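Try each task before you read its solution.

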Amino acid sequence: MAVQFDYIAPPGWQPKNPDENYVIIQFKMQLADGIDPSMFLKGAASVAAESSTGTWTKVEDRPDSGLKKADEFKAIVFDMDKKNHLFKVAYKTDLFEYDNMAGFLAGPIGNIGGMKMVKGLRLMDIRFPKAIVTAFPGPRYGIAGVRDLLQQDKKHCSMPIIGTVPKPKVGRTAQEQAVLADRLWTAGDGSFDFIKDDENLTSLSFNKFEDRAKLVLETQRKAEKQTGFRKLYLCNITHSNFDIMMKRADIIKSYGGRCVMIDVVASGVGAVHTMRLKNPGLIIHAHRAMHAFITRESGIGISGKGDINGFSVSMFILAKIFRMLGVDSMHSGSPKSKMEDYGEAEEIGSILTKDKVQPNKKFHTLGQNWFGMKNVWPVASGGLHPGVMDVVIAKMTPDCYIQLGGGVLGHPEGGERGVEAALEARNAVYSGMTVKEFVSKNPNSALSKAVGLWGTEPKIVY
Ligand code: CAP
Ligand code: MG
């Protein structure tokens, strides 16, 4: 297809000073059935063409047809690894409007996913250059900013932040939600950090947003006074009408809240970017519901060795995009989780937390220089319970949120004991103990009861 220009780099070509000059993308491609494998190079060139300047045929060549600039801005295929279906593409930085994420996505994550010549295309990673990274606001608070806002003492600064998303996901009234928040925030030594709305709890007939925000935030103030610990309520403001979402952020602010939660994939990059710029100084928590319909690869190609079917973008890329757009915490997946996990949660954690991320061959990632942009809390969640917390903290580092829904409210002796068990697990890790060691020394503890029910491995119920 790439008929007008030559989109293939000469052998050995590497982009010069990519952090200034290029966006680099690592692709994995499977040609459609019936297309001879020898066409792989041509296919890669077509991907580069369609995602930058080209189309399926030659177009008219006149002085005013823009072909000179188009040739200058054509994307370049390099580092071809035909055996493993891999190649990279370099796009000149100036092919993009630096601060426009929606505009960016329409290029390299645009039409190419629909091309007949491929039956599988996965974007494994994108490395963004300085001009694009620094054109975005990034997080307002990041890890240090949230710890400061919570006025954490030295001990709690070395621990994860821990909280619950009440289950059932939906069912309680706003009043019942506030009563539950009170029970959980004041349980144990009162240091339980946050309560979070579930991804599908917005403003429902029996649990209106405004009532819930008011009642839970009143409870938060009361619990803070009682326990001496500052708390977070991650209140879900998701709406497809941005004006309503903004109004909800203002309501949270007016009730003294510190944080909003957004289903960022469902809401879209425009909503998240604008909310980051316009919200009244709140922490942004990013739930990634819907991401798996975009990021989950079909086939066995995750490792880069097998065939792939279908079209996807890795979660590494979404993590980078939402860090740039400015969320402060983001679901990253977790080891020992109920969700698909091929070891990528720790890598997502690095992308969210480090300033200079190194490439990782295992996942074909390209690394990233964040040029001082604030970092983001990875959120470990999904089927976690107190029995797995030592391993999760060891892998995700103490700079993470740990979220236990069923893993607190399913405790055999009730929610308060669920909180106690989670806090005991966090303290055990802080004092250098494993969960098993703590349990053998404290057989009547809440943690021991939790481990009695769930063990120390994920519990997957079908
Ligand atoms: C967890 C959770 C989260 C998932 C999202 C749920 O509840 O509230 O939404 O963790 O997945 O609804 O499943 P449990 P991820 O603790 O009861 O499992 O974090 O992978 O984005
Ligand atoms: Mg949930």
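Predicted model: local features only at pLDDT ≥ 70, side-chain atom pairs only at ≥ 80, totals over all residues.

**Exercise 1. A helix and its cover**

Task: Find which residues of helix α12 (residues 269-278) are buried, and what covers them.

Solution: In α12, the buried residues are V269, A271, V272, H273, M275 and R276. Next, look around them. The cover includes the helices α4 (101-105), α10, α11 (264-267) and α14 (315-325). Strands β8 (259-263) and β9 (283-287) are also among the elements that cover these residues.

**Exercise 2. Two helix pairs**

Solution: Two packed helices are described by the angle between their axes and the distance between the axes.

Step 1. The crossing of α9 past α10 is right-handed.

Step 2. Now list the residues that touch. From α9 come F209, E210, A213 and L217, and they meet R248, I251 and I252 of α10. By type, this contact has 5 nonpolar residues, no polar ones and 2 charged ones.

Step 3. On the α18 side the contact is made by R417, E420, A421, E424 and A425, and on the α20 side by A446, L447, K449 and A450. These residues divide into 5 nonpolar, no polar and 4 charged.

**Exercise 3. A histidine in a loop**

Task: Is H385 buried or exposed, and which residues does H385 contact?

Solution: First locate H385, in the loop between β15 (377-380) and α16 (389-396). The relative accessibility of H385 is 3%, and under 20% means buried, so H385 counts as buried.

Then look for contacts, leaving aside neighbours within four places in sequence. H385 touches L404 and G407, as well as W454, G455, T456, E457, P458 and K459.

For a sense of scale, go back to L217 of the α9 contact with α10. L217 and H385 lie 168 residues apart in sequence, and their C-alpha atoms are 26 Å apart.

**Exercise 4. Backbone details in loops**

Task: Where is the cis peptide bond that joins K167 and P168, and what are the phi values of H85 and F371?

Solution: Take the peptide bond first. The bond between K167 and P168 is cis, with omega about 0°. P168 sits in the loop between β5 (161-164) and α8 (174-185).

Now the phi values. For H85, phi is near 65°, which is positive in a residue other than glycine. H85 belongs to the loop between β2 (76-81) and β3 (86-92), and its relative accessible area of 16% means H85 is buried. F371 also has a positive phi, near 50°, and is likewise not a glycine. F371 lies in the loop between β14 (368-369) and β15. With a relative accessible area of 28%, F371 is partly exposed.

Definitions and conventions. Residues numbered from 1 in each chain as written. Chains lettered and ligands numbered in written order. Heavy atoms only, no water. Left-handed = near helix turned anticlockwise from the far one by under 90°. Helix = DSSP H or I, 4+ residues; strand = E, 2+ residues; numbered from the N terminus. Contact = heavy atoms within 4.5 Å. Nonpolar A, V, L, I, M, F, W, Y, C, P; charged D, E, K, R; others polar. Buried < 20%, exposed > 50% of the residue type's maximum accessible area, 1.4 Å probe, protein only.
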